[in-house]
Each structure stands twice: as structure tokens, then as C-alpha cells.
Amino acid sequence: MVARVGVILFPGSNCELDALEAIGHLGGTAELVWHGDRSVEGCDALVVPGGFAHGDYLRPGAIARFSPVMDAVRTFAADGGPVVGICNGFQVLTEAGLLPGALQKNAGLKFLCTTITVRVETTTTALTSLATPGDELRIPINHFEGNYTCDANTLAQLRAEDRVVVRYVDNPNGSVDNIAGVCNEGRNVVGLMPHPERACHRLLGSEDGAVLLRSLLASAGTPVA
Amino acid sequence: MLFSVLVETRLRPGIADPQGATIERSLPTLGFEGIRGVRVGKAIRFELEAPDETTALAQATAVTQQFLINPVIEAADVSVAVTESV
């Protein structure tokens, strides 16, 4: 079965074509799903891509959360469907309450556009099932508001439940506990700031993101944990 | 009745405020001494039609909590004032 991945397109998204290209390159099929649609029927997995959904006005993700498609995304996630939010998509999923915590301005107050190293901390998630714990992956980041924060109880819970999916090896943005990505309780919803879709081909300087998107394709249509 | 609403948002205590910290660090360079505790927030103003002040405040507070702030990192003060009586 070739996994069909729906890539949610908001006004202001700008990484949706990167996601389509990467998923196609890795053997999946991907299609855009307009944010005004009320259904994600036919999709085996969903990607909420990077960009500036609804201009990032008010706060990143604050308005995207109310897009008509988000009800379908919530239902899909509640039914165990794999959902990955990348960068702005991570911000959208936290605002939508599908992932805990929030993303605030980088500690250095700089927009960061560079390639960093993240370490895979758990492999029982929709995005890391084919990776090995401790894997260090070179993946680009492109964000101004990637500084992950949450209250102490949430952080303790994330640690206790092994829900920190990837950590920065050298924290670029001030994120609490070096967190680069987290998952929900069901481990089928994952959000991360780095862009694996931009590290899926040697020509892009790194193929390290491929294992993550391959994991997503593998988890499409099958239970995660 | 028409009310004018002012929502002042701020980062919750304990949430790092890199904008505030950067402003505070730059102040001595500009010759402003003795300023500390700089925190940056937002002010959002709008008008609201409601039958009375209690209802106006309740509605403004609801929209603030559900949309205008992210309660994980932000808090807000909401105030309403009559701008026009019908």
C-alpha cells in the first residue's frame, strides 16, 4: 500500500511543496488539503507544514487553529492517525491543543536559518519508528518562534512518559530542556521545529530527515505504539 | 450599548521575555539608568455591543481567554468602558 499523506495548506504556508516533494521522493503519495476543507478523508497521515499560516497574526498558529479543516485534523488524530507538525505546523498543533506547551520567541531574538543537530530520544512515535534512539540527525531549522516552553508539571510529564521526541544537541533558541520536538499521549501526533522534509536528498546537503518521513509513511494506516 | 474594550496581554511570570530583556540591556547604552523589570506585552482594543457592562466584560474576557491569549504563556487584563449609550 502506498501511503497517502495529506499536507494541510493554510494561506501563508510556504513549506507544503517541500513536504510534497520529499514524501514523493520517499515513495509515498502526497496531496494538498486546503484549510477550508472540512474533511481529510482518504489520507493515511497528515503533515501540517511550515510557513506563516494566516500571516502568523496575533500569534503563530492562533488563527490557523480555527480553520475549518482543524476539526477533521482533531478527529483524525483522536482516531490514532499519524499527524506531524513541522515548524509553523508545530506551533499550530500546540495552539490547537493537540500538543502540550507553546513556542515563543527565540532566546536570542534572531530568526534562525541554519542546520542543527538533533538527537532522537524515543522511537515509539509516528515520526521516529524507523530511527534508533541516540541517532544524531543534521536537519535545517528556519524559525523566529521556536523556543519551546511549558510549565514544570507538563515538562515532568513529558519526561516521565518519554514524550520528548527529539532534542537539540546544541540548543539554538532557548527551548526548555533542549526540546526540539514532542508527541501527544497517543504518540501519533508529533510536532518539531526542524524541517526533515528539507533534509531528504544528498543534493540538499543532508539526507538525515528521510528516516523521520519514512517512519511517518510506515506508520500511515497502522497503529503507532 | 457600545463599549470600548482594552485587552492588555503580557507574558506570565517565569516565562522568559527575550524582547523585554533586550530592551532592558540596551537602555544603559542610551543613557537611561535605573530601569529594570522590562516586560513586553500587547494592547488589543476593540468595540463591543452588549446590553450592559457585566455582559460586555464577560464577553470580552471569554474572547480573550479563548483566542487573544495563549494561556500557556500569557495572561491578560481586560477592561471595558461605555463609549455610547443608546
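Arg159(A) and Asp177(A) are joined by a salt bridge, with 3.0 Å between their closest N and O atoms. This pair links distant parts of the chain, since Arg159(A) belongs to helix α4 (residues 152–160) of chain A and Asp177(A) to the loop between β9 and β10 (179–183) of chain A, 18 residues apart. The model is a predicted one. Over all chains, the count of salt bridges comes to twelve, and a search of the whole structure gives two aromatic pairs.

- Arg159(A) is partly exposed, at 48% relative accessibility.
- Asp177(A) is also partly exposed, at 23% relative accessibility.
- A salt bridge also connects Arg167(A) with Glu121(A), and here the closest N and O atoms are 3.3 Å apart.
- Arg167(A) sits in strand β9 (residues 164–168) of chain A and Glu121(A) in the loop between β6 (112–120) and β7 (136–143) of chain A, so this pair ties together parts that are 46 residues apart in sequence.
- Arg167(A) has a relative accessibility of 15% and counts as buried, because buried means under 20% relative accessible area.
- A network of salt bridges links Arg119(A), Glu121(A), Arg159(A), Arg167(A) and Asp177(A).
- Asp71(A) and Arg74(A) form a salt bridge through their side chains, at 3.0 Å from N to O.
- Both Asp71(A) and Arg74(A) are in helix α2 (residues 69–78) of chain A; they are three residues apart, so about one helical turn separates them.
- Arg74(A) is partly exposed, with 26% relative accessible area.

**Aromatic pairs**

- Two aromatic pairs are found over all chains.
- One of them is the edge-to-face pair of Phe66(A) and Phe67(B), with 5.2 Å from centre to centre and 85° between the planes.
- This pair crosses between chains: Phe66(A) is in the loop between β3 (45–48) and α2 of chain A, while Phe67(B) is in helix α2 of chain B.
- Phe66(A) is partly exposed, with a relative accessible area of 46%.
- Phe67(B) counts as partly exposed too, at 24% relative accessibility.
- Phe90(A) and Tyr148(A) make a stacked pair, with 5.9 Å from centre to centre and 10° between the planes.
- Phe90(A) is buried, with a relative accessible area of 0%, and Tyr148(A) is buried at 1%.

**Helix α3 of chain A**

- Helix α3 of chain A spans residues 88–95 and is mostly covered, with eight of its eight residues buried.
- The buried residues of α3(A) include Phe90(A), as well as Asn88(A), Val92(A) and Glu95(A).
- Just after α3(A), Gly97(A) adopts a positive phi of about 80°.

**The sheet of chain B**

- Chain B has an open sheet of three strands in the order β2-β1-β3, and the pairing is antiparallel.
- Strands β2 (42–49) and β3 (74–84) of chain B stand at the edges and have a single partner strand each, so one side of each is left without a neighbour in the sheet.
- From one strand to the next, the twist averages 20°.
- Strands of a sheet pair through backbone hydrogen bonds, in a parallel or an antiparallel way.
- Strand β1 (residues 2–11) of chain B is joined to β2(B) by eight bridges, and the two strands run antiparallel.
- Leu2(B) has Glu49(B) as its bridge partner in β2(B).
- Helix α2 (residues 53–68) of chain B lies across β1, β2 and β3 of chain B and runs at about 145° to β3(B).

**Glu74(B)**

- Glu74(B) is part of strand β3 of chain B.
- Glu74(B) counts as buried, at 9% relative accessibility.
- Leaving aside neighbours within four places in sequence, Glu74(B) is in contact with residues including Arg59(A), Thr9(B), Arg10(B), Lys42(B) and Leu68(B).

Technical notes
Residues are numbered from 1 along each chain as its sequence is written. Chains are lettered from A and ligands numbered from 1 in the order in which they are written. This is a predicted model: local features need pLDDT of at least 70, side-chain atom pairs count only at pLDDT 80 or more; totals for chains, interfaces and linings use all residues. Side-chain values use heavy atoms; hydrogens and water are left out. Buried means under 20% relative accessible area, exposed over 50%, partly exposed in between (1.4 Å probe, protein chains only). Helices (H or I, at least four residues) and strands (E, at least two) are DSSP runs, numbered from the N terminus. Two strands pair if DSSP finds at least two bridges between them. Axes are lines fitted to C-alpha atoms, for helices over the stretch in contact, and angles run from 0 to 180 degrees between N-to-C directions. Contact means heavy atoms within 4.5 Å. A salt bridge is a side-chain nitrogen of Lys or Arg within 4 Å of a carboxyl oxygen of Asp or Glu. Rings of Phe, Tyr and Trp (its six-membered ring) pair if their centres lie within 6.5 Å; planes under 30 degrees apart count as stacked, over 60 as edge-to-face and the rest as tilted.
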